Amino acid sequence: MGVQTGVLMTSACFPTQRIGGLDVAGASDVLWNNRAACGRRYRVRCIGATNLAPRPCKITTVDVTIIDYCLRCNGTVNLSRDAFSKIANLDAGNIRIKYNQ
């Protein structure tokens, strides 16, 4: 497994800072707590579809770092595309998750 070099991102947590890796997420009001969620790590697992997508989940988890605020999230966490693809099929669109810090 190679080392991910990071990407220059602008986010609510890190205005302009090199972020290591691509397994990142935005937090909704449920977790945000006035920026207290910034930098927290969560292990996330897909537990099912929010729609009629067949077999949306992969049998694995992903560890993500909160780097942003998600103003219009439909749930608690808005996963990056890379993080989402590790636990679910991209065609599913939205999924139900369980997570712990």
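I began with threonine 65 and listed its contacts beyond the neighbours within four places in sequence: Asp23, Val24, Ala25, Gly39, Arg40 and Arg41. The model I am reading is a predicted one. Threonine 65 is found in strand E5. Is threonine 65 buried or exposed? I find a relative accessibility of 18%, and the cut-off for buried is under 20%, so threonine 65 counts as buried.

**Entry on the overall layout**

I next looked up the secondary structure and noted two helices and seven strands in the chain. Read from the N terminus, the order of the elements is β-β-β-α-β-β-β-α-β. The chain has 101 residues, and I recorded 39% of them as buried. I then turned to contacts between residues at least 6 apart in sequence; of these, 66% join residues at least 24 apart.

**Entry on the nonpolar core**

I looked up the largest nonpolar core and found that 24 residues belong to it. Which residues have the most contacts inside this core? I noted Val44, Val64, Leu79, Ile87 and Ile95. Several elements each supply at least two residues of the core: strand E3 (24-27), helix H1 (29-32), strand E4 (41-49), strand E5 (61-69), strand E6 (77-79) and helix H2 (81-87). The largest share, four residues, comes from E5.

**Entry on the largest pocket**

I recorded a volume of about 400 Å³ for the largest pocket. Its lining consists of 19 residues, and those closest to the pocket centre are Val77, Asn78, Gly93, Asn94 and Ile95. Which elements each supply at least two residues of the lining? I found E6, H2 and strand E7 (95-100). Sorted by class, the lining of this pocket holds eight nonpolar, eight polar and three charged residues.

**Entry on the salt bridges**

One of the salt bridges joins the side chains of lysine 86 and aspartate 23, with an N to O distance of 2.7 Å. This pair links distant parts of the chain, 63 residues apart: lysine 86 lies in helix H2, and aspartate 23 lies in the loop between strand E2 (17-19) and E3. I checked the accessibility of both partners. Lysine 86 has a relative accessibility of 36% and therefore counts as partly exposed. Aspartate 23 has a relative accessible area of 16% and is therefore buried. I noted above that Asp23 is also among the contacts of threonine 65.

Another salt bridge brings together the side chains of aspartate 63 and arginine 43, at 2.7 Å from N to O. Where do aspartate 63 and arginine 43 lie? Aspartate 63 is in strand E5 and arginine 43 in strand E4, so the pair ties together parts that are 20 residues apart in sequence. Aspartate 63 is partly exposed, with a relative accessible area of 29%. Arginine 43 likewise counts as partly exposed, at 43% relative accessibility.

Terms used. Residues numbered from 1 in each chain as written. Predicted model: local features only at pLDDT ≥ 70, side-chain atom pairs only at ≥ 80, totals over all residues. Heavy atoms only, no water. Core = buried A, V, L, I, M, F, W, Y, C linked by side-chain atoms within 4.5 Å. Buried < 20%, exposed > 50% of the residue type's maximum accessible area, 1.4 Å probe, protein only. 1 Å grid on protein atoms, 1.4 Å probe; cavity = no way out; pocket = protein on both sides within 12 Å on 5 of 7 lines; lining within 4 Å. Points joined across faces, edges and corners; volume = space filled by probe spheres on them. Nonpolar A, V, L, I, M, F, W, Y, C, P; charged D, E, K, R; others polar. Contact = heavy atoms within 4.5 Å. Salt bridge = Lys/Arg side-chain N within 4 Å of Asp/Glu carboxyl O.
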